[in-house]
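Subject: Structure handover

Hi,

Here is the structure we talked about. Please open it alongside this note; my findings follow below.

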Amino acid sequence: MNQLHHVTPRLLDFPVEILLDILGHLDVHDLVRARRVCNDVRQVIDSSSELLYLMDLEYFNAIPVPSTPGSDCSIPALRKSLLQSEAAWQKAEYSERSHIAIPHPPNMHRWSCGVLGFPVEHLQQIMFFQPQLADGHSNTTNLRQWNCQLGSVVAQRLAHYNFSAAEDLVVLLVGARSGESHAYDVIFRSLSEDKVHPEAAFASVKALDNEIDLELLNPRTLRSSIFGDYYGVLFRNVNKANGGVADFLQIWNWKSKDTFQCLEVFHPACKTMNFSFLTNEKILVVNAREILFYSLVHSANALQLTAKFSLPALHSPFEYTCIGFSPIPSLARTHSQLIALSMDISGGSLTNNPCFTTYVERNTLLELESTYMNRYGKASEDSPNLPWSSWGPNHTRSFEESSFDPCKHSVFGFRSASLVGDQNSKRPLCIRDFNPHRVVDFKAGNGTTWKQRLIEGGEILPSSSLFSEPLGSGLPYLETTTEEKFLSTDMSMDANRVTLLSFEVMSTIRMPHAGEQSFVEHELLQGFEVLDFE
């Protein structure tokens with residue numbers, strides 16, 4: 001009589017193709033743990049470019065960027081490109097493209113994903129410039145150039161503009177026509193095509209309708225931000241129609257047919273200075289004393305205050321005069337991201353306004369929001385702030401500069417770039433990597449250290465004694481500095497590139513008429529200098 005033997009198959013008895021299909025359902029953290037089970041499982045995972053690429057993306061907190069036409073988009077090629085780029089950043093090695101001139105001097109310029117934009121009043125247009133590689137083997141750069149036509153009427157009434165390369169969006173804030181009850185028309189245009197954005201629910205919407213005294217409106221105090229489907233504007237020091245002064249924050253979902261918008265009013269005594277989208281649903285507002293957390297409440301078309309964090313306290317008579325956020329790329333909405341909070345200080349006998357920049361991770365802020373609600377409950381105007389001592393020193397890293405410098409603290413993901421030294425001379429590029437995975441491996445001696453050094457710990461108390469409490473030193477980072485030095489007035493950073501707005505002085509000997517002395521004429525030429533970390 002035959003006996004049946006029941007054999008329980010082991011996981012590793014399955015073919016590799018089935019094992020990879022099973023492992024493909026795990027998230028990245030479980031994949032990392034699975035590699036530690038045994039050598040056989042590790043070999044199976046390491047045989048898959050797809051699984052390794054997923055783990056690399058998580059490890060480096062890499063933010064996917066749109067591929068260029070004609071590039072190899074296979075998984076092995078993408079992984080090779082990612083590893084090469086990360087090694088280039090760590091070694092501060094780059095290919096430098098030739099300087100390319102800008103045909104018009106930038107004024108009121110803005111950056112978005114390596115695209116430079118600025119209005120040219122006499123041409124009645126906003127011009128956009130993007131340096132692009134001619135090929136991967138030469139040092140030549142092509143300059144892509146296009147424009148957004150305004151027309152004479154819009155050009156005369158243009159008060160403010162912003163754009164997002166990721167959303168292919170240009171937003172124009174244009175003064176309303178005489179006799180209208182609102183202050184501005186908000187116009188949504190396509191960045192790549194000179195027309196209304198095809199995804200915009202409406203070509204334009206009204207701003208500050210029946211709220212303000214139009215005769216006393218000052219457009220120079222505006223702050224705006226674009227994040228995904230949302231566009232917001234902070235109108236500061238606005239004279240209300242019924243008397244008094246207030247700050248208004250107005251937000252639209254520019255793709256929504258329901259014309260979702262909300263309006264929040266702040267008392268001028270708070271000295272509201274700026275705002276930033278933290279996620280699609282979370283907004284930060286900063287004033288002279290604190291950082292406020294708000295959530296978008298779609299059902300009520302309103303903002304709900306959820307948490308309040310104190311800024312580091314200043315000694316009297318010093319005060320914060322200007323505070324700004326580094327913009328969060330829309331591509332980073334699902335990734336953790338460094339946020340740079342720049343704070344200008346004045347008062348007392350200060351001749352120059354010193355600037356302090358504090359880094360904090362976006363995910364840390366979201367966790368601290370929960371900490372606040374667990375400790376204090378629902379936030380209100382009268383509820384206490386989470387003290388700086390409870391969150392700042394252990395969760396941030398601060399840097400001190402003598403004054404504001406547009407060539408410092410460009411941020412992308414967990415990495416920042418700054419030109420360090422005197423603004424009036426050539427300066428090296430300092431690259432700081434706050435990636436916690438990289439820091440842990442560096443401290444453990446895993447991998448190659450190259451030119452990097454570890455910065456961690458240490459209480460930061462500014463020598464100027466402006467602050468009455470220590471600044472943040474809780475974020476360790478790896479630092480690399482280039483040997484080459486650069487002369488630049490502004491800069492932008494993305495996944496694998498630093499774009500410098502540089503300038504050259506062109507000297508020309510002029511020969512006047514006979515009998516007159518010759519002279520040298522100097523002309524300032526601005527252009528792009530591109531550093532590719534690939």
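How much space lies in the second largest pocket? About 680 Å³. A pocket here is an open set of points on a 1 Å grid over the protein atoms alone, with protein on both sides within 12 Å along at least five of seven lines. Grid points are joined across faces, edges and corners, and a volume is the space filled by probe spheres set on the points.

Before you go on: this is a predicted model, where local features need pLDDT of at least 70 and side-chain atom pairs count only at pLDDT 80 or more, while totals for chains, interfaces and linings use all residues. Residues are numbered from 1 along each chain as its sequence is written, and side-chain values use heavy atoms, with hydrogens and water left out.

Helices (H or I, at least four residues) and strands (E, at least two) are DSSP runs, numbered from the N terminus. By class, the lining has 9 nonpolar, 6 polar and 10 charged residues. Ala, Val, Leu, Ile, Met, Phe, Trp, Tyr, Cys and Pro count as nonpolar, Asp, Glu, Lys and Arg as charged, and the others, Gly among them, as polar.

**H2 against H4**
Helix H2 (residues 28–35) packs on helix H4 (residues 49–59) at about 115 degrees, with the axes 10 Å apart. Axes are lines fitted to C-alpha atoms over the stretch in contact, and angles run from 0 to 180 degrees between N-to-C directions. H2 and H4 are therefore roughly perpendicular (65 to 115 degrees). Val28, His29, Leu31, Val32 and Arg35 in H2 meet Leu51, Leu54, Met55 and Glu58 in H4 (heavy atoms within 4.5 Å). These contact residues divide into 6 nonpolar, 1 polar and 2 charged.

**The largest cavity**
The largest cavity has a volume of about 110 Å³. A cavity is a set of points where a 1.4 Å probe fits but cannot get out. Its lining has 12 nonpolar, 2 polar and no charged residues. S20 gives the largest share, 3 residues.

**Backbone points**
The peptide bond from serine 316 to proline 317 is cis, with omega near 10 degrees. Proline 317 sits in the loop between strand S18 (302–310) and strand S19 (319–325).

Best wishes

Terms used:
On a 1 Å grid over the protein atoms alone, a cavity is a set of points where a 1.4 Å probe fits but cannot get out, and a pocket is an open set with protein on both sides within 12 Å along at least five of seven lines; lining residues have an atom within 4 Å of a point. Angles under 35 degrees count as roughly parallel, over 145 as roughly antiparallel, 65 to 115 as roughly perpendicular and the rest as oblique.
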